[in-house]
Amino acid sequence: MRKIRLVSFFSFLLLFGCTKMCSSGRESMTPEEVVQAYLDISLNMTEVGQKKELMKLTTGNLKNALEGASDDVISSAFIKQNFKLDRYSVVERRDRTPRETEITFQLSYRNLGPEKTVKLEDAPQTTTENTVSVVKRDGAWYIADVLGKKTSIDFILGDEIKPAPGGSDPGPAEEAAPAPADATPTPATP
C-alpha cells in the first residue's frame, strides 16, 4: 500500500514537472533567443523544408518574404552556402513598447564556398551588424522585419605580394633623392 502511494506521488511529480517544462516553449523565449534561434536555423539549413521552421519565428514583412521565396531562392540563400560561425553577440536592445523591441546583433562568419573547398584559414570573414524588429503576438516573440544592415567582408591576402611581370622593385640605389626645399616643382604634362 505504501509502495503504491509512493509510486503515485512520484508519478504526479513527474507529470507536473514534465507539464511545467514541456509547456515552456516559444512563449518563454526572449526576443534575443528568437533572433538566435532564427540564425541557428538559417546558418545550418540542409533542406528547403526547414523554411517552415524559419517561418514559425517570423511575422510581417519577413514572413511574407520567406513565404514568397521560391525553393531555388531558399536553396541558394541558405542551403548552398557553407558558413562557419565565428561569433554572435547582441549589441543593443531597444524596447519601443511592451510588445515591440529592436535587437541589434553582430555576426561574424566565414564563407567556405558552395562546395566547402575553401580552407577555414583562407575563407573571407564577413562581419555584419543587423537590427531587427521583434514583436510579441499571442504570447510569443516573432521577428517582423530587418531594419538596418551593415556588412564588411575581409578577404585573406597572401603573405607575399609580387610585382607584375616586367616591373622592377626599386632597390636602395634606385630610390629618389629628396628634392631641395627651394626647388620649384616641374609642371605636369597632360
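Which residue of β2 is the bridge partner of E92? I looked it up and found T104.

**Ground rules.** I am working on a predicted model, where local features need pLDDT of at least 70, side-chain atom pairs count only at pLDDT 80 or more, and totals for chains, interfaces and linings use all residues. Residues are numbered from 1 along each chain as its sequence is written, and side-chain values use heavy atoms, with hydrogens and water left out.

**Entry 1, the strands.** I took helices (H or I, at least four residues) and strands (E, at least two) as DSSP runs, numbered from the N terminus. Strand β1 covers residues 83–97 and runs antiparallel to β2, with twelve bridges joining them. I call two strands paired if DSSP finds at least two bridges between them. β1 and β2 make a hairpin, and two residues lie between them. V90 stands opposite F105 in β2. On to β3: it pairs with β2 in the antiparallel sense, over eleven bridges. There I found V135 of β3 as the bridge partner of E100.

I sorted residues as buried (under 20% relative accessible area), exposed (over 50%) or partly exposed in between, using a 1.4 Å probe and protein chains only. Nine of the twelve residues of β2 are buried, so I noted the strand as mostly covered.

R110 sits in β2, residues 100–111. Why does R110 count as buried? Because its relative accessibility is 18%. I then checked its polar contacts: pairs of N or O atoms within 3.5 Å, where within protein one must be able to donate a hydrogen and the other to accept it, and residues adjacent in sequence count only if both atoms are side-chain atoms. The side chains of R110 and D86 are joined by one of 3.4 Å. A polar side-chain atom of R110 also lies 3.0 Å from the backbone oxygen of A123.

I found V132 in β3, residues 125–137. V132 is buried at 5% relative accessible area. Leaving out residues up to four places away in sequence, V132 touches several residues, including V35, I103, F105, I143 and L147. Contact here means heavy atoms within 4.5 Å. V132 and L62 are 70 residues apart in sequence, yet 9.8 Å apart in space, C-alpha to C-alpha.

In α5, residues 71–79, I listed I74, S75, F78 and I79 as buried. Down the axis of α5 they fall within an arc of 100 degrees, so they line one face of the helix. That arc is taken from the directions from the helix axis to the C-beta atoms. The buried residues of α5 pack against α2 (31–43), α3 (51–55) and α4 (60–68).
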